Amino acid sequence: MVTDPLLSIQGLSLQYATQRGAVHALQDVSLAIPRGGAMGLVGESGSGKSSVVLALLGLLGEGASLTCDALRFDGEDLREAAARLRGQRIGVVFQDPAAALNPSLTIGFQVAEPLIQHQGLSREAALARAVTLLGEMGIPRAAEIARAYPHQLSGGMKQRAVIATALACEPELLLLDEPTTALDVTVEAQILDLLEKLRRERGVSMLLVSHNLGIVDRLCDELTVLYAGRVVEQGRCAPVLAVPSHPYTRGLLAALPRLDRGRMARLVPIPGGLPDLTQPMPGCNFQPRCPFALDACGAPQLLQGEARLSRCHRAAEIEGEAWPIPEAPEAVARPIPTPLLVAEGLARSFGGGGLFRRRAGTRAVDGVSLTIGRGEVLGLVGESGCGKSTLGRLVLRLISADAGHIRFDGQAILPEPSIAFRRRAQIVFQNPDSSLNPRQTVDEALRRPLIRFGIASGEEATREVERLLELVRLRPDYRSRYPHQMSGGEKQRIGIARALASRPDFLVCDEAVSALDVSVQAAVLNLLTDLRDTLGVAYLFISHDIGVVAHIADRIAVMYRGAVVEEGLAAQVLAPPYHPYTEALLSAVPVVGAQGRAKSRIRLKGDVSSAQGSAGCRFAHRCPRHMGAICDTVTPPMLAFGASHQIACHLPAEQLAAMPLALG
Amino acid sequence: MNSIPRTLWVGGVIVGGIVILAILGPWIAPFEPDAFNVRSRLQPPSVIHWFGTDEFGRDVFSRVLAGAHHSLLMGFGATAISLAIGVPLGLIAAFRRGWTEEAIMRGVDLMISIPPVLLGLLILAVTEPGLGKTILAVGLVYVPIMTRVARAVALDLLAEDFVEAARARGEGGYHILVREILPNAWPPLIVETALRITFAILLGSALSFLGLGPQPPDSEWGLMIAESRPFISEAPWIGLAPGLCLCVLLIAVNIVGEGLRDLLDPRLRGRGH
Amino acid sequence: MAGFLARRFLSVVFVLWAMTVMVFAIVHILPGSVAHMILGEYATNAAIAEMEERLGLNLPLYEQYWRWFSGLMRGDFGQSLTMERPVGPVILEALGRSAILASISIVLVAIIGIALGIHSATHVNSWSDRGLTLMQYFFIAVPEFFWCILVIIFFAVWLGWLPATGYTPLADGGFLGWAKHLILPVSTLVLGLIAHVSRLTRSSMLEAIESKYVLAARAKGLPERIVLRRHALPNALLPTITILAVDVGILIGGIVVVESVFAFPGLGRMLIYAIDHQDIPLMMGGMIVITAIYALANLAADILYAVLNPRIRVTGTAG
């Protein structure tokens, strides 16, 4: 039986007029969603995926011109009907709930607004319905929340309110534009559960726009991969993700650091960057970055295939061929188990003080001890606000500690450290735009540490700068570039080269790859791995992404609200026994190709900001394995499992050891 | 950097032209600006007297030329003073934090809670008026704003990762200030300075209009407009000539300021005083 | 909220006290003897000594300050040197007239400025928006005192429609006579400020229109009229409140100038009179009163801002 799809897009093209000429943001995009179906639209930044949502809603704004063969929703032409259908039969959830809610209206009214508008409900009736809706979205004390303003709610609660708004008029189609990207992973898991439940119980169709393949795999039946404005692959989720056909999809999957693949697998970066969208190529636009490309790929092409569409001339020929894996340099330096950095009882509070503002300070880091061996990578994982970045700066003495000692290579490091320590311990930052001085060339940025630490000067420094560039795989002519002349990934490499200039033994990498697209992130992660293996540099590798940490770390420490709750070798932390928080964190991560995980999922209630008090275990308020009063009042002991694995928990060791695997 | 917008060119050329005229004034003025000529009192504009003559028969065009450099000095001099005091104060506040910052910023809050013209009047009220004092007073009035801007700019930059990278190298405060902060701080500071010049000229000429600036027989545009008031119906050109020149100068300086803002610091677009 | 109000109120009190110190210090510490200034360059030593005795200038500075300050606290501003009257009533009379000028002006500025700003923002790049932008350039840059001259030449001298100077109280001249004397001063006062307010309203309104929450409101299927009125406008007007408070300061400066050109017997003209005649008590009193008004206007703006902004009005977390 063939029924018309609920949503059908055929040959959608979109151009934005800019000063540089027309940008072809979307070219010939087609997709269809059946009633009750869910389509994932995947692509990296610049792929045009968010423009699809705006085009469907008729909210493209000025300067955009749209052409298409068909844009139909349930038989109606969206080009005319969009204004009537949106909010009523088509609901939308945008990326950042903090920005999508009006700061000066109550939550309840914002949820009720579409009901008043489209269903003609009275204000009171609509508000009452809004409270019910909020409750259905899993918001506790919904009546109270309905009277609150957005700034009083946590990120997860805001996104639930946004979803309630989108669902108010019981739409048949929900457009989700990166609905969980702004949220922490445990909160993301809650929202994904909610969306999954909505699909199951209400049969809502979904178009999920995301850069995260794991999320799409969890929520969708079908998948469309978008590259530089064109659909490159389309089909059912499971087969596409298991055996991708288009080289770009293969590259994306191979570039993804995966929890379930463990540490040693090498990532596959996709070289190069997006093509110039002002001059669309007639042939394959992935050709310049594709390892399988031939000259013939320049010929015009179409999406081809039956159940599975792929925009590749050589799809059939290259079937089964793996993406060439870049060679790793031979590891010459392996971690030596002598401690390089030992930190004991580090603590730091923020806030408080001030002349007119007397507030109790919040303890960002509260008595943390760490040891990092020579050439060892200690991964530090935790959600936003857990204090991991503060800890990274405390360890380097970049901010003053309220308490604690640091020893580096046997020497005590005082609050005003010597230049020798500065030379040996450096830092790599998250944001490539902020980490380089916009008024300095690469040469100036890299030369300064050489001179500062007396490593080289003059001609010798020039040679050293070129060596550093080679180390991070950039051509020597990058010396004369300014930051604005480089891409994000290139800037990040310069940031790494600058940190390496003084030939340090220890690097703090603070979310060093978090701001990058997957394909670029893979290249930088490979680089960091190689540098550790060849130079023997030790890292404190800080990240919110446990997948990335699992990929690079020898040992992992898990942080929650200012304290380390679990620490051990990477393999130990990723397998039971777990700290209940680690267990929840691991089971929250959306992993590609793991749809069967549903049964073992652990979900946390609330989020970090709903914490109260600081007595007892910090995790007690959200802990799914909460034992009773002891968790709320007594600081948990550090339980040792073997020589290197420690968990701070009241649960008996046997019970922790008996936990099931949280992954796959 | 983008190409220079056309408006910036236009504004720049006009300001440049006025500056050149002010400098060349003494040589190109057709008459002595202070020379009385009782026989040609209150003459309307003509070929000989382009802008007419005033109640003493002085040539208005020559006086406007002579007054130009006073108005310009007022704008540029006062702004230079507020820059010279305000920027170091703002930088100190941003770098020192703690009590130093608290003291500087409370002082700034206090100064800002007095309306600008009133603050100017207060400073000038009990001293003998004169050009130098007016420039000083106008400069002082705008010190707190410059301090605020400089501090805000420096605080933004101090939070950048590249400054933290410098601290991770153990760089001293001098290096951080000179090599990391200042090269990035000048675009917003230049923009603020350019916009400030408009207000300095406005305030300075208003004060001298009120009699608290240069004194007769000196010529300054605000003062000339004030002096023309008794003859407003018989000889409106005495006030109109310097007034129109003042307007052209102010609009041109304003265009330059806004053009610079769009060029150097698009984030500030649409922000006001 | 209560804490916020208490803090703001304390800071107003502090500003006013600091202002008394500043005014006093500038008048008494700057070089030059006050008595000399009052009596002129050729005064005899005996006359100066007598004048200093009369004004209490021979007392130590802190005592002089205390006498003046405690007087202020009781509402006693001292005796005018040139008018043979106590300063308090003189200021009060002038204040009443200036208040008429100021309140009419600020209301006009708020209404017209905001209306034009919203029009520009909702008609970006239209001819009316471009025209308004061009006029804003012009009106912001033209000094008030030159406007005064222009409107006097045009409306009073050439057309003869309106009186160039003076003031008629409502009781004497009736509404028409009263209003006639206000039209020119008010219009010169408001032109620049309207340009300023409309420009900033335009940019804050544009920012709101481009925000994600307005996009979300459109995605809800609300009509554009409601999107603008309910979602964009309230958020766009918050910064305008702050701007209006700043403009009260500019307005006060304008009033000083405009009153002296139009011979309007208000606080500004009184202040210039006091400075010209070196009537020190009158001058000091005028300065304090004007600063107090400005501080109260700012306080009012802060309170209004807090009341309209839930992020300040409602604190604490929910859920």
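## Notes on a three-chain model

1. H11(A) and H18(A) sit oblique to each other. To see where that comes from, find helix H11 (residues 247-255) and helix H18 (residues 518-535) in chain A: the two pack at an angle of about 45°, and their axes are 8 Å apart.

2. H11(A) and H18(A) cross in a left-handed way. Which residues do the touching? From H11(A), look for Gly251(A), Leu252(A) and Ala255(A); their partners in H18(A) are Val518(A), Ser519(A) and Ala522(A). Sorted by class, this contact has four nonpolar residues and two polar ones, with no charged residue.

3. Now zoom out to chain A as a whole. Chain A contains 23 helices and 24 strands. Its radius of gyration is 26 Å, close to the 26 Å that the globule rule gives for 664 residues, so chain A is as compact as a globular protein of that length. If you'd like a box to picture, the C-alpha atoms of chain A fill one of roughly 75 × 65 × 50 Å along the principal axes.

4. Over in chain B, there's another helix pair to look at. Helix H8 (residues 173-209) and helix H10 (residues 237-264) of chain B have axes that come within 8 Å and cross at roughly 165°. Angles over 145 degrees count as roughly antiparallel, and H8(B) and H10(B) are therefore roughly antiparallel to each other. The crossing of H8(B) and H10(B) is left-handed.

5. What does the contact between H8(B) and H10(B) consist of? On the H8(B) side, the residues include Pro187(B), Ile190(B), Val191(B), Ala194(B) and Ser205(B). On the H10(B) side, you'll find among them Leu246(B), Leu249(B), Val253(B), Asn254(B) and Arg261(B). By class, the contact has 15 nonpolar, four polar and one charged residues.

6. Chain C touches both of the other chains, so let's take chain B first. That contact takes 44 residues from chain C and 35 from chain B. Seen from chain C, the helices giving two or more residues include H1 (2-29), H8 (170-209), H10 (224-261) and H12 (280-308). Which of these gives the most? H10(C) does, with eight residues. The side of chain C that touches chain B has 34 nonpolar, eight polar and two charged residues.

7. Next, chain C against chain A. Here 23 residues come from chain C and 31 residues from chain A. H9, H10 and helix H13 (310-313) of chain C each supply at least two residues to this side, and H9(C) gives the most, with seven. By class, the side of chain C that touches chain A has 10 nonpolar, eight polar and five charged residues.

8. Finally, how far should you trust all this? The predictor gives the complex an ipTM of 0.86 and a pTM of 0.87. Chain C averages a pLDDT of 87, and 96% of its residues score at least 70. Within chain C, confidence is highest in helix H9 (residues 212-219), at 95, and lowest in helix H2 (residues 34-39), at a mean of 68. Where pLDDT is low, the predicted coordinates should not be read in detail.

Note on methods:
Residues are numbered from 1 along each chain as its sequence is written. Chains are lettered from A and ligands numbered from 1 in the order in which they are written. This is a predicted model: local features need pLDDT of at least 70, side-chain atom pairs count only at pLDDT 80 or more; totals for chains, interfaces and linings use all residues. Two residues are in contact if their C-beta atoms, placed from the backbone, lie within 7 Å. Helices (H or I, at least four residues) and strands (E, at least two) are DSSP runs, numbered from the N terminus. Ala, Val, Leu, Ile, Met, Phe, Trp, Tyr, Cys and Pro count as nonpolar, Asp, Glu, Lys and Arg as charged, and the others, Gly among them, as polar. pLDDT is the predictor's confidence in each residue, from 0 to 100. Axes are lines fitted to C-alpha atoms, for helices over the stretch in contact, and angles run from 0 to 180 degrees between N-to-C directions. Angles under 35 degrees count as roughly parallel, over 145 as roughly antiparallel, 65 to 115 as roughly perpendicular and the rest as oblique. A crossing is left-handed if the near helix is turned anticlockwise from the far one by less than a right angle, and right-handed if clockwise. The radius of gyration is taken over C-alpha atoms; the globule rule is 2.2 Å times the number of residues to the power 0.38.
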